[in-house]
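Colleague: I have a new model open and would like to talk it through with you before I use it. Could you bring it up on the screen?

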Amino acid sequence: MRRHPGGAADFRAVLPGHLITAVRRRGKYLWWALDDGDAVIAHLGMSGQFRVNGSPAPSLPPAPGEAPSVTEAIRHPHLRIRFTFDDGGPDVDFLDQRTFGGMSFAPGGADLPQEIAHIARDPLDPDFSLIAAVAAIRHKHTEIKRALLDQTAVSGIGNIYADEALWRVKLHGARPTEKLTRAQGRAVLTAAAEVMDEALAQGGTSFDALYVNVNGASGYFDRSLAAYGQADRPCPRCGTPIRREPFMNRSSFSCPRCQPRPRPARGH
DNA sequence: AACCACACCTGTTCGC
DNA sequence: TGCGAACAGGTGTGGT
């Protein structure tokens with residue numbers, strides 16, 4: 001509840017009596033649209049997950065002094081919020097190990113919460129405009145990978161899918177956006193959409209208990225990654241060992257041969 | 001206005 | 001064996 005004004009007590013107080021009428025997303029944000037026009041926003045951050053109660057998870061006894069939960073259901077060490085419904089449906093749990101994720105209540109936010117309005121549509125959104133996204137990226141004065149991670153031109157792309165998309169179109173992430181051709185812009189965004197499509201078909205990327213669907217199942221797209229996390233392993237295209245470079249306090253992975261660094265811009 | 005470094009987090013792995 | 005450092009990374013914020 002770090003971002004919810006009023007904190008946990010207020011969040012708990014405003015929810016009862018609402019009916020969820022739709023579930024929507026914008027980039028990596030999700031929200032429940034409520035019948036009176038309000039919304040319940042969620043972002044999974046790095047390690048957040050929604051779980052439908054009854055799905056397998058490591059169990060833990062109630063904390064000392066705490067009564068057993070009403071449902072006698074899963075007590076998970078990273079359980080942060082439990083939603084119960086009076087229509088008899090299963091509980092929904094919000095779990096988060098590293099707490100980069102969170103939830104908040106957004107009055108009037110059913111269509112699009114104002115705190116999310118700056119997030120662009122993602123490539124899988126039915127209303128995504130490739131033309132507009134390419135124009136927005138080329139308009140920026142930065143490097144292509146930074147533009148991909150910045151969610152205001154195109155959303156939904158994180159460190160993994162940025163590296164995979166750049167590898168597919170043979171571009172180094174340090175390429176300046178203002179010198180990117182429209183064709184290159186279209187190509188990298190199309191590649192990003194394809195990577196995300198393929199990853200979704202396999203249930204997501206990480207084979208790890210942190211990254212699961214509402215039923216607790218993990219994906220296995222990590223076996224298909226060409227560049228990300230593949231340092232010193234051969235590029236699937238040319239065999240050159242994949243390189244790892246520090247980038248914004250994290251890492252970038254690329255093929256030194258397929259994705260040569262751009263020449264440093266020369267002053268005149 | 002636009003861009004960028006940084007804080008926020010916890011659990012795991014690595015090096016000494 | 002033990003301990004601290006490094007690492008994983010999305011986003012809001014404050015500084016430039």
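**Talking through the model**

Modeller: Let us begin with one pair of residues: Tyr29 stands opposite His43 in S3, and please keep in mind throughout that this is a predicted model.

Colleague: Which strands are joined there, and by how many bridges?

Modeller: Strand S2, which covers residues 29–34, is joined to strand S3, residues 39–43, by five bridges, and the two run antiparallel.

Colleague: What sheet do S2 and S3 belong to?

Modeller: They belong to an open sheet of four strands, ordered S1-S2-S3-S7, in which the pairing is antiparallel. Its edge strands are S1 (20–26) and S7 (102–106), each of which pairs on one side only. On average, neighbouring strands in this sheet are turned by 20° against each other, if direction is ignored.

Colleague: And the sheet with S4 in it, what is the strand order there?

Modeller: That one is an open sheet of three strands in the order S4-S6-S5, again with antiparallel pairing. Strand S4 (48–52) and strand S5 (79–83) are the edge strands, each pairing on one side only, and the twist from one strand to the next averages 20°.

Colleague: How many bridges hold S4 to S6, and which residue is opposite Arg51?

Modeller: Five bridges join S4 to strand S6, residues 92–96, and these two run antiparallel; Arg51 stands opposite Asp93 in S6.

Colleague: Changing topic, which residues are around DNA strand B?

Modeller: They are Arg2, His78, Gln97, Arg98, Thr99, Phe100, Lys140, His141, Thr142 and Arg146. Of the atoms of DNA strand B that come within 4 Å of the protein, sugar and phosphate account for 73%.

Colleague: Before I go, what is the mean pLDDT of chain A, and where is the pLDDT below 50?

Modeller: The mean pLDDT of chain A is 89, with 90% of its residues reaching 70 or more. Over residues 57–73, however, the pLDDT is below 50, although that stretch has 21 contacts in the model beyond near neighbours in sequence. Where pLDDT is low, the predicted coordinates should not be read in detail.

Conventions
Residues are numbered from 1 along each chain as its sequence is written. Chains are lettered from A and ligands numbered from 1 in the order in which they are written. This is a predicted model: local features need pLDDT of at least 70, side-chain atom pairs count only at pLDDT 80 or more; totals for chains, interfaces and linings use all residues. Side-chain values use heavy atoms; hydrogens and water are left out. pLDDT is the predictor's confidence in each residue, from 0 to 100. Contact means heavy atoms within 4.5 Å. A residue is near a molecule or strand if one of its heavy atoms lies within 4 Å of it. Two strands pair if DSSP finds at least two bridges between them. Axes are lines fitted to C-alpha atoms, for helices over the stretch in contact, and angles run from 0 to 180 degrees between N-to-C directions.
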